[in-house]
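Please keep the sequence and the model in view while reading.

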Amino acid sequence: LAALSDRPGETLLVAGGTDAVPNLKHRLHEPRTVVHIGGVRELHFVREADDGLHLGALVTLTELSRHPAVRRDYPSLAKAAGLVAGPQLRNMGTLGGNLCLDTRCTYYNQTFFWREALGFCLKKSGTVCHVVPTGKRCVAAHSSDVAPVLITLEAEVEIAGPPGRRTIPVDTFFVGDGIHNNVLQKNELVTQIFVPARSHGLAAGYQKLRPRGAIDFPMLSIAFAARMRGEVCEGARLVVGALAARPRTVAGLGALVAGEPPRPP
């Protein structure tokens with residue numbers, strides 16, 4: 001936190017580095033200082049408690065996908081973590097890193113030479129969005145796999161900064177601007193994610209559409225969770241990702257399915 005505050009906006013945090021390192025190579029990030037937090041053991045934990053599941057930001061995606069408590073109580077979260085990229089990247093990538101994943105765009109995730117020839121873009125060094133030329137806001141998409149699932153599970157994220165710590169719902173962690181699509185200030189970082197006990201036993205799932213069955217980022221991701229009472233649905237939540245700068249909850253679904261039995265498609 002001291003390093004982030006010392007040079008606000010000029011310091012990049014790296015944990016697993018699976019997203020940050022390629023972006024550094026393409027000069028999408030050009031910090032003066034890189035701070036590696038992968039060795040901060042206080043941020044690496046999985047704790048079961050009466051109120052729910054506490055997950056440190058540095059838990060790897062492999063650990064999250066295989067942990068018995070996650071697989072037992074929150075299987076959709078384990079599935080989402082297990083579908084990120086490939087095994088080597090899941091071994092390095094972290095829960096906090098996937099939540100804070102940089103937004104992606106065909107016109108942004110390119111080499112410096114490619115972007116310079118195009119004239120750069122609104123997200124990095126340019127003044128025009130090549131997707132929506134008349135737009136004033138970057139539409140690069142957020143492609144996190146864990147974020148839509150965490151929203152359906154009503155999870156919360158803890159953020160630490162110089163004034164102290166604050167906890168907010170994962171749903172309000174994101175904003176709709178692709179340039180910087182979350183609420184983190186330049187001197188803040190994610191420390192843990194909390195999944196409440198009330199989300200135990202939800203009928204939940206996760207699916208993603210991507211060009212290949214592994215490695216690729218999603219073209220579309222869908223997370224679903226329903227609270228059942230016997231064979232009747234009391235309410236449900238559907239969240240879609242990879243279509244915009246933030247995951248989106250599909251409005252009106254809860255009222256549509258309330259009191260109804262589940263039906264096959």
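Asparagine 23 lies in helix 2, which spans residues 20–25; helices (H or I, at least four residues) and strands (E, at least two) are DSSP runs numbered from the N terminus. The model is a predicted one, in which local features need pLDDT of at least 70 and side-chain atom pairs count only at pLDDT 80 or more, while totals for chains, interfaces and linings use all residues. Residues are numbered from 1 along each chain as its sequence is written, and side-chain values use heavy atoms, with hydrogens and water left out.

Is asparagine 23 buried or exposed? With a relative accessible area of 3%, asparagine 23 is buried, a term that means under 20% relative accessible area, whereas exposed means over 50% and partly exposed lies in between (1.4 Å probe, protein chains only). Apart from neighbours within four places in sequence, asparagine 23 is in contact with Leu28, His29, Asp102 and Asn109, where contact means heavy atoms within 4.5 Å.

Tryptophan 114, in helix 8 (residues 112–118), counts as partly exposed because its relative accessibility is 34%. Beyond neighbours within four places in sequence, tryptophan 114 is in contact with Thr106 and Tyr107. Tryptophan 114 and histidine 26 are 88 residues apart in sequence, and their C-alpha atoms are 9.7 Å apart in space.

The sheets come next. Strands of a sheet pair through backbone hydrogen bonds, either parallel or antiparallel. Strand 5 (residues 156–161) pairs with strand 6 in the antiparallel sense over six bridges, and glycine 161 has glycine 164 in strand 6 as its bridge partner.

Another open sheet has four strands in the order 8-9-10-11, also with antiparallel pairing. Its edges are strand 8 (203–209) and strand 11 (248–249); each has a single partner strand, so one side of each is left without a neighbour in the sheet. Strands 8 and 9 run antiparallel and are joined by seven bridges. Alanine 203 has alanine 226 in strand 9 as its bridge partner.

A nonpolar core is a set of buried Ala, Val, Leu, Ile, Met, Phe, Trp, Tyr and Cys residues joined through side-chain atoms within 4.5 Å. The largest such core has 39 residues, and those with the most contacts inside it are Leu64, Leu77, Leu99, Leu150, Val157, Phe173 and Val195. Helix 9 (residues 146–152) gives the largest share of this core, five residues. Leaving aside neighbours within four places in sequence, valine 195 is in contact with residues including Leu77, Leu150 and Tyr74.

The largest cavity is lined by 13 residues, and Cys105, Cys121, Cys129, His130 and Cys138 lie nearest its centre.

How values were computed. Pairing = 2+ DSSP bridges. 1 Å grid on protein atoms, 1.4 Å probe; cavity = no way out; pocket = protein on both sides within 12 Å on 5 of 7 lines; lining within 4 Å.
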